[in-house]
Amino acid sequence: MTQPYDDSPADRTESFGDGRVDAAVARLEELPRRPVSEHVAIFDDVHGRLRAALEDAGDDPADDRSA
């Protein structure tokens, strides 16, 4: 049996520890209010933001745990 889609706002108090990631994921909350024709653009934007955050993840010397 298939569960109905729940488009009610969820509690989004969880943080991923990076403001850029949090902001990117927050864009996904727009999907239920947007027409399906706009979903691809939102997914592309989120993907680009997450990719940029991932590419920058190794740039901070304080994050170097290989030492």
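To start, are Glu30 and Arg27 buried or exposed?

Guide: Both Glu30 and Arg27 are buried. Here buried means under 20% relative accessible area, exposed means over 50%, and partly exposed is anything in between, with a 1.4 Å probe and protein chains only.

A quick word on what you're looking at. This is a predicted model, where local features need pLDDT of at least 70 and side-chain atom pairs count only at pLDDT 80 or more, while totals for chains, interfaces and linings use all residues. Residues are numbered from 1 along each chain as its sequence is written, and side-chain values use heavy atoms, with hydrogens and water left out.

Back to that pair. The side chains of Glu30 and Arg27 join in a salt bridge, 2.9 Å from N to O. A salt bridge here is a side-chain nitrogen of Lys or Arg within 4 Å of a carboxyl oxygen of Asp or Glu, and by that rule the count is eight.

Another one links Glu38 to Arg34, with their closest N and O atoms 3.5 Å apart. Glu38 is partly exposed, at 32% relative accessible area, and Arg34 is partly exposed too, at 39%. Follow the shared partners and you get one network of salt bridges joining Arg27, Glu30, Arg34, Glu38, Asp45 and Arg49.

Asp18 and Arg20 also form a salt bridge, their closest N and O atoms being 3.0 Å apart. Asp18 is partly exposed, with a relative accessible area of 23%, and Arg20 is partly exposed at 38%.

Now for the helix that runs through residues 39-56. That's helix 2, with 18 residues; helices are DSSP runs of H or I, at least four residues long, and strands are runs of E, at least two, numbered from the N terminus. The chain has two helices and zero strands.

Which residues of helix 2 are buried? They are His39, Ile42, Val46 and Ala53. These residues span an arc of only 70° around the axis, so they sit on the same side of helix 2; the arc is taken from the directions from the helix axis to the C-beta atoms. Helix 1 (19-26) is part of what covers the buried residues of helix 2. Turn to the other side of helix 2 and you'll find Val40, Ala41, Asp44 and Glu55 exposed.

Stepping back, buried residues make up 13% of the 67 residues in the chain.

Notes. Expected span 1.5 Å × (residues − 1). Contact = heavy atoms within 4.5 Å.
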